Amino acid sequence: MITLTIDGRKVEAKKGDTILQAARRAGMYIPTMCYLSKVKPIASCRLCVVEVEGADGFILSCQAPALDGMEVRTNSAELYGHRQNIMKLYDVNHPLECGVCDKSGACDLQNKTLEFNVGSQEFSARDHKRDLRKWQFIGYDESLCILCEKCVHVCNEVIGDDAIEIHYGGYGSKIVPKGTEELECTNCGECIAVCPVGAMISTDFQYKANAWELERVPASCAHCSAGCQLYYERRYAGIDAGSEQKIYRATNEFEFTTLCGAGRFGYDFENRVEGKDEAAFAKAVEAFKKAKNVRFTSRITNEEALILQKLKEKYGFNLVNDDARNYRRFLESYGAMTGKSLFGGSLESLADADGIIVLGSRILTDNPAVRYHITMASKRHNARVIYMHPMEDVQMKNVVTQFVKYEVGTEEGVLALLAKTLLDGKIDIKKIDTFLKDLDEGYFSAESNVGEEEIEEIRRQLARCKRVALVIGEDCINHDRAENIARLAALFERFGGMEVLPVAPKTNSLGVALICDLDEMAEGFTVGYNAPGDFVLSNLGEGDLAMPALNQQEGTFTTLDKRVVPTHVALPFAGYCLNDIANALGVEAAYTIDYTQRLPEEAGFEKIRFDDIPYRFDNNGEVRGYALRRLKCAVDSSLEEIADLPEFNGPVLYRCDPVLQFGPQTHRAEQLADEEAALLGSAQFAAAAKLKEGDRVKLNVHGCEMERVFRIDPDLKGTVALNPTFDLGLREDLLSSNYRYSQSKIEIVGHANE
């Protein structure tokens, strides 16, 4: 720590902090326009300048390091005049259309123009034609752009798309797609979020509401296991007394958090009903009483999971959730090797890593938040990123330093090869060390198609890395050999000092795995809770009794980051909820959130009321939710012999949704609903499967039938095709626990144009 003086006040700072960071942490204000805490200093606005004793001229506080004993002034007549002139330059020919601009009321340019009392203009410049551009969800108005570069930096340094850049042309400079005519990106919309003016806009939201009309509801994204922070922004859709509330957009605290396109644009998945169906409710109560099984999805809150567990304890039915059950088995095996529950890795440790291995995940679409933190590691620490998967992902090329292609199904053998190489000389338990030394490296290398020279290159790339992270994907968690894969992965934490992060497959897979005692499906009457069954409770607008969607509920999720985060009701629900059924069945609580403080402490949860869970941001960042406690557990250092590696010959299907789809909820969202659920394959796959572009085919994947239109994707290679499931409704849950690769008979039944 160091001490400096800012405006006469002694301030402590961390060595390496900038003056701006030191001031902000001390709660002291320095104006900025281009600064964004999650990227490197941009230094384009010059508003953050300060005076430093002994230094000539103004100093950029966003870049200058804070030094011990330094004396800083953040405000003076000279600084004020300098900042006022900068604002006048920003305001030159800036259109005065605040009355219809989406940013009005939340605009940095407005705020600072008023702050520095820019009431007249001495500067002028010849204006010229400026274009309006529309790139699917994103619009760009050149005339409003102040070239702060926030959008460019966040796209490159956080998202990893590197899709936009500044076209330099003096007064005619503008933001343009990088290397293409049209914007080619993952449509996360983070450029919209960070834009301080109305230049980058949501084309759907434009002209629909003013910022000051909208009520912000703090929530957590319900689409994937990252549980990212967001606000649902709502108001009544009309002025009539009977008008309904509507979500107009989703936003985030962009200084500290990042939101993907599914979270930003897939917010309106609510289930609207006119009232309570008493007859259906009575049938639901009777269905639970006679149920042999209750099957449910992991897209529920922790509180709902606990209600189902309490009902199981009272009525004795089997509680079935196969994806959470697989994840629980993985975690139990992992913990048996480390002697601690859960795992050590986190998103923060991933962003701080200088070496990363990704195994068994198409991470761009599986979990964008993980991808963003990998990108941050790459840009901040020049991290070596080794991406191991049977399919190359060209959209990860900006950060991947080594792509390793292995054969489908061989994840266990590949991880064993990695352990043998990277942990050599680090294991102090003889039987484990002997186990790895005795591995038939030649066999596993030949069968997995991962050459010894590739493994050696991984070792070489990571040799000088001090903070290495291992990301384990769903391909490993749902593998037939998942328990031994978990033990192998745990070796990297226990002996290699690596941060291991097994990515939970669904929104609350981790929470469900910790809260519920899960069973296999048995014959007999089945109640489906947002899953198939003989009696179905559904938030999708189908089924026997309507249930509220996750944007209509209050409760918590347990994220892949091992944090319990709260979410709040964005829209009302006129029908019944699971807690109503539980009360009718004798498991009583006034509100669903009464279960928050009853979540099992033996699983690491805290005894804390829902209303006491923090949800705020300060100058140090995000303070949302709480971390699960990592508990001691019995150690079992045994490993099973690696099984013979399987062979997948011919065309193979890989369960994988597009980048903006995570299941039936995103498919219901208005802006995302038109996405085609196409089977995507390479020209090589087309030849192997005897398919042509536009063929309509019938598939049977693990007993689930579906029709798809086949499309050739020029970016794909090999004989593995991407098969989505987001359009299957409740049936999507039937596939979520299976190994993602499968071989299915592909029957041509027509053509897309027919």
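**Cavities, a pocket and an open sheet**

The second largest cavity has a volume of about 110 Å³. Among the 15 residues that line this cavity, Ile 138, Cys 155, Cys 185, Cys 188 and Cys 191 are the closest to its centre. Two elements, helix H4 (150–159) and helix H5 (190–194), each give two or more residues to the lining, and H4 gives the most, with four residues. Helices (H or I, at least four residues) and strands (E, at least two) are DSSP runs, numbered from the N terminus. By class, the lining of the second largest cavity holds twelve nonpolar, one polar and two charged residues. In this classification Ala, Val, Leu, Ile, Met, Phe, Trp, Tyr, Cys and Pro count as nonpolar, Asp, Glu, Lys and Arg as charged, and the others, Gly among them, as polar.

The model is predicted: local features need pLDDT of at least 70, side-chain atom pairs count only at pLDDT 80 or more, and totals for chains, interfaces and linings use all residues. Residues are numbered from 1 along each chain as its sequence is written, and side-chain values use heavy atoms, with hydrogens and water left out.

A search of the whole structure finds eight cavities of 30 Å³ or more. On a 1 Å grid over the protein atoms alone, a cavity is a set of points where a 1.4 Å probe fits but cannot get out, whereas a pocket is an open set with protein on both sides within 12 Å along at least five of seven lines; lining residues have an atom within 4 Å of a point. Grid points are joined across faces, edges and corners, and a volume is the space filled by probe spheres set on the points.

The largest cavity has a volume of about 310 Å³. Of its 21 lining residues, Asp 366, Glu 474, Pro 505, Arg 655 and Asp 657 are the closest to the centre. This lining divides into six nonpolar, seven polar and eight charged residues.

The second largest pocket holds about 820 Å³ of space. Its lining comprises 30 residues, of which Gln 395, Pro 658, Val 659, Glu 675 and Leu 680 lie nearest the centre. By class, the lining of this pocket has 14 nonpolar, six polar and ten charged residues.

Elsewhere, five strands form an open sheet of mixed pairing in the order E2-E1-E5-E3-E4. Strands E2 (9–13) and E4 (59–60) are the edge strands, each pairing on one side only. Two strands pair if DSSP finds at least two bridges between them. Strand E1 (residues 2–6) pairs with E2 in the antiparallel sense over five bridges, and Ile 2 stands opposite Ala 13 in E2.
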